[in-house]
Amino acid sequence: MWFKKRKGHRMLDKHMFLIVRYSLVSTDKGIWNIGLEKSFEDYCQELFHESRLKLHEVLFRTVTLPSIASLVDNISTKFTLLVLTSELLPENYLKNLSEVLRPYSWARLHVLSPQKRSIDMITECLQEELEKYDRRLCYSTTRLDDDDALAPYFLKELERYLEPTFQGFCFSFAKGYVGSYGNNGFEAFYEHYVPKVSMGLSHIDIYDPQIRTVNHIYAVGDHMKVDQKTPTVLDSTKPMYLRTLHEANDSYNKLGPNFKKVSETNDIKRLFSID
């Protein structure tokens with residue numbers, strides 16, 4: 001490995017966490033574009049609109065979750081998927097979400113009250129997992145939206161950096177793809193390069209059970225400004241994510257003229273375990 005390990009660090013246990021917010025309602029609704037300049041009631045009504053819920057359920061089941069499942073066999077480090085959703089999620093969708101996660105021993109579903117900030121919910125759920133350790137732990141946290149995907153080698157690449165040397169560092173994997181999704185599934189794929197992009201953005205820290213301080217990638221704040229708050233490593237050597245662009249996206253970003261269309265769409269589908 002190209003970096004030198006700090007002297008004085010004894011071998012630590014390691015753990016990798018992937019955090020997905022699934023139609024999560026919080027008091028800081030403005031952190032998503034869907035919540036901007038809306039009352040809490042209007043925000044919830046749009047978030048839980050039937051067409052949006054159906055689309056996100058399909059994308060999570062057919063795109064996001066299969067890509068996550070493909071990550072686990074490629075690493076030796078312990079792994080946990082944390083899925084955070086709202087207790088306001090309609091019962092049938094909550095049941096479906098629970099059922100689709102049930103086969104995976106590494107998946108944890110947290111159904112949460114909307115009375116807190118999103119960052120506080122994430123911190124509490126992560127702390128619940130970290131407190132299972134009675135000694136110091138080197139761990140990573142990675143963010144992913146509930147309609148996007150990661151390449152099967154993503155965690156293997158991140159695992160190379162999972163060392164105490166990188167405590168407090170963020171890692172941005174800028175290279176990936178955008179897939180435009182319509183009524184008949186994915187219609188086209190485009191090359192995508194955005195430093196500090198939210199998909200797969202990761203943070204490494206050390207948990208000490210004597211101190212019990214919990215840090216994670218969402219606590220860093222605006223993903224486009226992470227390098228202004230903490231040392232950030234940019235790795236653009238491989239395509240690492242698939243961003244799904246569809247009518248129910250929270251983001252207002254659209255495809256621009258500089259996006260290069262990918263001709264071999266089947267290669268992209270195979271890479272991200274898309275049927």
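1. Contact here means heavy atoms within 4.5 Å. On that basis, residues 24 or more positions apart account for 80% of the contacts in the protein chain with a separation of 6 or more. A word on provenance before going on: this is a predicted model, with local features needing pLDDT of at least 70, side-chain atom pairs counted only at pLDDT 80 or more, and totals for chains, interfaces and linings using all residues. Numbering starts from 1 along each chain as its sequence is written, and side-chain values use heavy atoms, with hydrogens and water left out.

2. The overall inventory: the protein chain has six helices and eleven strands. Both are DSSP runs numbered from the N terminus, helices being H or I with at least four residues and strands E with at least two. Of the 275 residues, 53% count as buried; buried is under 20% relative accessible area, exposed is over 50%, and partly exposed is in between, with a 1.4 Å probe and protein chains only.

3. Which residues of helix 3 (residues 91-101) are buried? They are Tyr93, Leu97 and Leu101. These residues sit on the same side of helix 3 because they cover an arc of only 65° around the axis, the arc being that of the directions from the helix axis to the C-beta atoms. On the face turned away from the buried side you'll find the exposed residues Glu91 and Lys95. The cover over the buried residues of helix 3 includes strand 1 (13-22), helix 2 (50-72), strand 2 (78-86) and strand 3 (107-112).

4. Now the packing of helix 2 on helix 3. Their axes are 11 Å apart and the packing angle is about 0°, where axes are lines fitted to C-alpha atoms, for helices over the stretch in contact, and angles run from 0 to 180 degrees between N-to-C directions. That makes helix 2 roughly parallel to helix 3; angles under 35 degrees count as roughly parallel, over 145 as roughly antiparallel, 65 to 115 as roughly perpendicular and the rest as oblique. Helix 2 brings Glu50, Leu53, Lys54, Glu57, Phe60, Arg61 and Leu65 to the contact, and helix 3 brings Tyr93, Asn96, Leu97, Val100 and Leu101. By type, the residues of this contact divide into seven nonpolar, one polar and four charged. For the classes, Ala, Val, Leu, Ile, Met, Phe, Trp, Tyr, Cys and Pro count as nonpolar, Asp, Glu, Lys and Arg as charged, and the others, Gly among them, as polar.

5. Strand 4 (residues 137-145) is mostly covered, with eight of its nine residues buried. It pairs with strand 1 in the parallel sense over nine bridges; two strands pair if DSSP finds at least two bridges between them. Within this pairing, Val20 stands opposite Leu144 in strand 4. Strand 4 also pairs with strand 9, in the antiparallel sense and over six bridges. There, the bridge partner of Cys138 in strand 9 is Ile206.

6. Then there is an open sheet of four strands, in the order 5-11-7-8, with mixed pairing. Which strands form its edges? Strand 5 (149-150) and strand 8 (185-193) do, each pairing on one side only. Strand 5 meets strand 11 (residues 241-245) in the antiparallel sense over two bridges, and Ala149 has Leu242 of strand 11 as its bridge partner.

7. Leaving aside neighbours within four places in sequence, Ser180 is in contact with Gly185, Phe186, Glu187, Ala188, Tyr190 and Leu245.

8. Lys196, in the loop between strand 8 and strand 9 (202-207), has a positive phi of about 70° although it is not a glycine. At 18% relative accessibility, Lys196 counts as buried. Ser273, in the segment after helix 6 (265-271), is not a glycine either, and its phi is positive at about 55°. Ser273 counts as partly exposed, at 29% relative accessibility.

9. Last, Asn74, in the loop between helix 2 and strand 2. Not counting residues up to four places away in sequence, Asn74 touches Pro152, Tyr153, Lys156 and Glu159. The C-alpha atoms of Asn74 and Glu157 are separated by 9.7 Å, with the two residues 83 apart along the chain.
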